[in-house]
Amino acid sequence: QVQLGEAGGGLVQAGGSLRLSCAVSGRNFSNYAMGWFRQAPGKEREVVAAIARSGVSSVTAVSVTGRFTISKDNGKNTVYLQMNSLKPEDTAVYYCAAKKQNSGGYSYVPRSGSEYDYWGQGTQVTVSS
């Protein structure tokens with residue numbers, strides 16, 4: 001059973017930075033594409049960033065492009081989300097998710113939450129104005 005555990009959330013002032021991490025248990029982490037999603041109160045879950053299993057390709061949502069960066073360390077079974085220039089509208093619960101790719105998909109980046117197989121419990125990020 002694959003388990004995901006997020007860390008790094010908290011309260012930060014607007015303009016500040018946070019780095020979220022998501023540790024994944026189990027073997028063959030390099031076979032998993034990873035994604036970060038968020039859900040604010042009263043809003044639907046949205047993708048923030050996602051990265052291919054190889055780490056060679058990634059995407060970010062338009063709202064965070066230029067401010068957030070996703071990275072994947074296959075040696076540490078961990079995916080990161082570096083968040084800079086945070087805004088109050090970034091306030092949400094952030095979730096990491098994993099999609100297992102048994103073969104191929106070396107550079108494929110899954111963008112939809114429905115594509116992912118495993119989810120973490122989430123970590124709260126609050127940005128004060």
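How many disulfides does a search of the whole structure find? The search finds 1 disulfide, the term being used for a pair of cysteine sulfur atoms within 2.5 Å.

The structure is a predicted model, in which local features need pLDDT of at least 70 and side-chain atom pairs count only at pLDDT 80 or more, while totals for chains, interfaces and linings use all residues. Residues are numbered from 1 along each chain as its sequence is written, and side-chain values use heavy atoms, with hydrogens and water left out.

**The chain as a whole**

The protein chain has 0 helices and 11 strands, where helices (H or I, at least four residues) and strands (E, at least two) are DSSP runs numbered from the N terminus. Its pattern, read along the sequence, is therefore β-β-β-β-β-β-β-β-β-β-β. For 129 residues, a compact globule would have a radius of gyration near 14 Å, and the protein chain agrees with this at 14 Å; the radius is taken over C-alpha atoms, and the globule rule is 2.2 Å times the number of residues to the power 0.38. Along the principal axes, the C-alpha atoms fill a box of roughly 45 × 30 × 25 Å.

Of the 129 residues in the protein chain, 41% are buried; buried means under 20% relative accessible area, exposed means over 50%, and partly exposed lies in between, with a 1.4 Å probe and protein chains only. Among contacts (heavy atoms within 4.5 Å) with a separation of 6 or more, 62% are between residues 24 or more positions apart. The protein chain exposes about 6,500 Å², and carbon and sulfur atoms supply 43% of that area, as given by the Shrake-Rupley method with a 1.4 Å probe, where for residues only the protein chains shown count as cover.

**The disulfide**

The disulfide joins Cys-22 to Cys-96, with an S to S distance of 1.9 Å. Because Cys-22 lies in strand E3 (residues 18-24) and Cys-96 in strand E9 (residues 92-100), the pair ties together parts that are 74 residues apart in sequence. The link of Cys-22 and Cys-96 is right-handed, with 45° about the S-S bond. Cys-22 is buried, at a relative accessible area of 0%, and Cys-96 is likewise buried, at 0%.

**Residues beside the cysteines in sequence**

Ser-21 also lies in strand E3 and counts as partly exposed at 21% relative accessibility. Leaving aside residues up to four places away in sequence, Ser-21 touches Gly-5, Glu-6, Ala-7, Trp-36, Thr-78, Val-79 and Tyr-80. The C-alpha atoms of Ser-21 and Gly-9, which are 12 residues apart along the chain, are separated by 8.9 Å.

Gln-101 has its place in the loop between E9 and strand E10 (118-119), and it counts as buried at 7% relative accessibility. With residues up to four places away in sequence not counted, Gln-101 touches Asn-31, Ala-33, Arg-53 and Tyr-108.

Most residues other than glycine have a negative phi.
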